[in-house]
Amino acid sequence: MHTGKRLLGTYFRVAFFGQGFFEDEDGKEYIYKEPKLTPLSEISQRLQKLYSDKFGSENVKMIQDSGKVNPKDLDSKYAYIQVTHVTPYFEEKELQERKTEFEKSHNIRRFVFEMPFTMSGKRQGGVEEQWKRRTILTAIHCFPYVKKRIPVMYQHHTDLNPIEVAIDEMSKKVAELRQLCSSSEVDMIKLQLKLQGSVSVQVNAGPLAYARVFLDDTVTKKYADNKIKQLKEVFRQFVEACGQALCVNERLIKENQFEYQEEMKANYKEMVKELSEIMHEQIWYGEEKSSVMQNSLHIFNAISGTPTGTTVHGMTSSSSVA
């Protein structure tokens, strides 16, 4: 019987070009399953050696770019191999059903990789010009399989415009933080790295750059209302996820990290303050949210004469206002 650990793997899309060398495999794409944590360089070197031994090292070239290849641009004198790291692709509904590592590693046939691009032709640009092409590959069979490679049956491309890239990237950050916080055994190193990358002043240009570019009053009219609403909602979730991560970290750290925790909390408050100003709404989480909500409840009780201990909109007052 397979164990979850044995099923875990790393996946690559491998494409072959060169009719004179690969014959029927010319232009074919495969999904290769490799042992977990296999780097791209390792499988690339192995395939290069394998086919160099077969065709001669002077006749084999590796395509470094992961973009779509036009066979007409290739020299027929060479055998070309293109290797791209891919990850299993699941829609949101599937992810709700596949909760364990075993379930996420079993019966999978769709894989995804992404390529950044700009309309100017450059690969990378500012957040306001950064597009992304998402390619979803569907294999003929599901992994695990009797063979370590499976042919690709078809592929589907989706281009995300700059604000959609922002929504997608921020959604990933939220999902990563939530997953780390909900784990039965919290990986403190990963949690702190993600937290630092989210709230530390010197690097928070990433998340805040999206807010400054897409949510500023002077530019919001450039983008669809539904996309602006989506991005705002993702930022609310991001603030909540960061706050939750800070709470988890504070609960688990040792004494020698208290100062580090306080520094991250201060940076978090600065980030929330700027985000609140950009979005024209007060975003709260954690102690501040609890304090403000309790104060609001006390005022409500004092004005309305609501008795202490009464639940109002799901909140229970535990003290009274004199």
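Mentor: Among the contacts in the chain with a separation of 6 or more, 58% are between residues 24 or more positions apart. This is a predicted model, and its chain of 322 residues is 39% buried. Its secondary structure consists of 11 helices and nine strands.

In soluble globular proteins, nonpolar side chains tend to be buried together.

Leu275 illustrates how such a residue is surrounded. Neighbours within four places in sequence aside, Leu275 contacts Leu208, Ala211, Phe235, Val239 and Ile283.

The individual helix pairs come next. Two packed helices are described by the angle between their axes and the distance between the axes. For helix α9 (residues 225-252) and helix α10 (residues 258-279), the angle is about 165 degrees and the axes are 11 Å apart. Angles over 145 degrees count as roughly antiparallel, and α9 and α10 are therefore roughly antiparallel to each other. Their crossing is left-handed. On the α9 side, the residues in contact are Lys232, Phe235, Arg236, Phe238, Val239, Cys242, Gly243, Leu246, Asn249 and Glu250. On the α10 side, they are Gln261, Glu262, Met264, Lys265, Tyr268, Met271, Val272, Leu275 and Met279. Sorted by class, this contact of α9 with α10 comprises 11 nonpolar, three polar and five charged residues.

Helix α9 also packs with α6, at an angle of about 25 degrees and with the axes 9 Å apart. That angle makes α6 roughly parallel to α9. The crossing of α6 with α9 is again a left-handed one. In the contact of α6 with α9 there are 16 nonpolar, four polar and four charged residues.

Helix α10 has a further partner in α7: the axes of α7 and α10 come within 9 Å and cross at roughly 40 degrees. This crossing of α7 and α10 is left-handed. Helix α7 contributes Gln192, Leu195, Gln196, Ser198 and Val199 to the contact, and α10 contributes Tyr260, Met264, Asn267, Tyr268 and Met271. The contact of α7 with α10 has six nonpolar and four polar residues, with no charged residues. Tyr268 and Met271 of α10 take part in this contact, and both are listed in the contact of α10 with α9.

Thr138 lies in strand β6 and is buried, with a relative accessible area of 5%. Beyond residues up to four places away in sequence, Thr138 touches Arg109, Arg110, Val152, Met153 and Tyr154. Lys147, by contrast, is in the loop between β6 (131-143) and β7 (149-160) and is exposed, with a relative accessible area of 56%. The C-alpha atoms of Lys147 and Tyr32 are separated by 9.1 Å, although the two residues are 115 residues apart along the chain.

Technical notes
Residues numbered from 1 in each chain as written. Predicted model: local features only at pLDDT ≥ 70, side-chain atom pairs only at ≥ 80, totals over all residues. Heavy atoms only, no water. Axes fitted to C-alpha atoms, helices over the stretch in contact; angles between N-to-C directions. Helix = DSSP H or I, 4+ residues; strand = E, 2+ residues; numbered from the N terminus. Parallel < 35°, antiparallel > 145°, perpendicular 65-115°, else oblique. Left-handed = near helix turned anticlockwise from the far one by under 90°. Contact = heavy atoms within 4.5 Å. Nonpolar A, V, L, I, M, F, W, Y, C, P; charged D, E, K, R; others polar. Buried < 20%, exposed > 50% of the residue type's maximum accessible area, 1.4 Å probe, protein only.
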